[in-house]
Amino acid sequence: MPFTRDEIHVAMERRNRRDFLPRNAQHAASIDRPILIGHGQTNSQPRTVADMIELLELEEGHRVLDVGSGSGWSTAILADLVGETGSVTATELIPELADKARIALAKQNLPWATIYDADPEVLGWPEGAPYDRILVSAQAQQLPESLIDQLAPSGLMVIPVATHMLRVAKTGGEPDISRHGRYSFVPLIEG
């Protein structure tokens, strides 16, 4: 059974947002808004993170790809939920953010989660595919086929595209795409 909204919130509390923020922003960790983490990137608003994870219908043991891990907070929450029988592969394009996120994640004792420096020419992490779930925390202008290709059969992806939160279900034929409100994100940098 997928995790409930309450279970997601418990995981978000266990993986305290403050631990993933720059020192000068930690005072704002409890505020429900995006927080700048440097290099023009943000740590997403907690309500938005919960919305996205709920749409993923995440279950224990899932293999997850986290595209645009930023501070590493979403990576830690996902890893907390999937547990040690699952795995989380995260990518971050900005090396300085990836380094900081790896340091923060290492303190969480979640060895089944890894943050990689993203290849600017490749979206996602195809060598680890297929994934049961893909979470994208940056806004694409159009739905990236390369990420759909990295989904396992019956996999789900949640991604903001042109201000709309999309849930993409891989069903064997054409993906089933549904919209779930309007959101604002930093742009997805695609190679």
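**A walk through the model**

A search of the whole structure finds one aromatic pair. The ring centres of Tyr116 and Trp125 lie 4.3 Å apart and their planes meet at 10 degrees, so the pair is stacked; the cut-off for stacking is under 30 degrees. Tyr116 is partly exposed, because its relative accessibility is 32%. Trp125, at 16%, counts as buried. The model is a predicted one, and this pair, like the rest of what follows, is read from its computed coordinates.

The nonpolar interior comes next. In soluble globular proteins, nonpolar side chains tend to be buried together. Here the largest nonpolar core has 35 residues, and Ile53, Leu58, Ile77, Leu78 and Leu81 touch the most other members. Two or more residues each come from helix H1 (5–14), helix H2 (46–56), helix H3 (73–82), strand E4 (87–92), H4 and strand E5 (113–117). H3 gives the most to this core, with seven residues. Ile77 touches Ala11, Met12, Arg15, Val49 and Ile53, when residues up to four places away in sequence are not counted. Apart from this core lies another, of 20 residues, which include Leu123, Ala138, Ile148 and Leu151.

H2 can be followed residue by residue. This helix is mostly covered, with nine of its eleven residues buried. The buried residues are Pro46, Thr48, Val49, Ala50, Asp51, Met52, Ile53, Leu55 and Leu56. They pack against H1, H3, E6, strand E7 (151–161), strand E8 (164–169) and strand E9 (176–182). After H2 comes Glu57, whose phi is positive, near 50 degrees.

One of the buried residues of H2, Met52, is also a contact of Ser137. Ser137 sits in the loop between strand E6 (131–136) and helix H5 (145–148). Its relative accessible area is 14%, so Ser137 is buried. Leaving aside neighbours within four places in sequence, Ser137 is in contact with Met52, Asp66, Val67, Gly68, Ser74, Phe185 and Val186. Pro144 also lies in the loop between E6 and H5. Pro144 counts as buried because its relative accessibility is 6%. Between the C-alpha atoms of Pro144 and Arg17, which are 127 residues apart along the chain, the separation is 29 Å.

What empty space does the model contain? Rolling a probe the size of a water molecule over the atoms shows where empty space is left. The structure holds one cavity of 30 Å³ or more. About 430 Å³ of space lies in the largest cavity. Its lining has 33 residues, of which Val67, Gly68, Ser69, Gly70 and Glu92 lie nearest the centre. Strand E2 (41–43), H2, H3 and E4 are the elements that give two or more residues to this lining. E2 gives the most, with three residues. By class, the lining of the largest cavity has 17 nonpolar, 13 polar and three charged residues. Val67 and Gly68, named here for the cavity, are among the contacts of Ser137 as well.

The largest pocket has a volume of about 320 Å³. It is lined by 16 residues, and Asp19, Phe20, Leu21, Lys100 and Ala104 lie nearest its centre. Helix H4 (residues 95–106) gives the most to the lining of the largest pocket, with five residues. The lining of the largest pocket divides into eight nonpolar, four polar and four charged residues.

Some backbone features remain. Most residues other than glycine have a negative phi, and most peptide bonds are trans. In this model the peptide bond from Ala129 to Pro130 is cis, with omega near 5 degrees, and Pro130 lies in the loop between E5 and E6. His39 has a positive phi, near 60 degrees, and is placed in the loop between strand E1 (35–38) and E2. Because its relative accessibility is 48%, His39 counts as partly exposed. Ala162 has a positive phi of about 45 degrees although it is not a glycine. The loop between E7 and E8 holds Ala162. With a relative accessible area of 35%, Ala162 is partly exposed.

Technical notes:
Residues numbered from 1 in each chain as written. Predicted model: local features only at pLDDT ≥ 70, side-chain atom pairs only at ≥ 80, totals over all residues. Heavy atoms only, no water. Helix = DSSP H or I, 4+ residues; strand = E, 2+ residues; numbered from the N terminus. Buried < 20%, exposed > 50% of the residue type's maximum accessible area, 1.4 Å probe, protein only. Contact = heavy atoms within 4.5 Å. 1 Å grid on protein atoms, 1.4 Å probe; cavity = no way out; pocket = protein on both sides within 12 Å on 5 of 7 lines; lining within 4 Å. Points joined across faces, edges and corners; volume = space filled by probe spheres on them. Nonpolar A, V, L, I, M, F, W, Y, C, P; charged D, E, K, R; others polar. Phe/Tyr/Trp six-rings, centres within 6.5 Å; stacked < 30°, edge-to-face > 60°. Core = buried A, V, L, I, M, F, W, Y, C linked by side-chain atoms within 4.5 Å.
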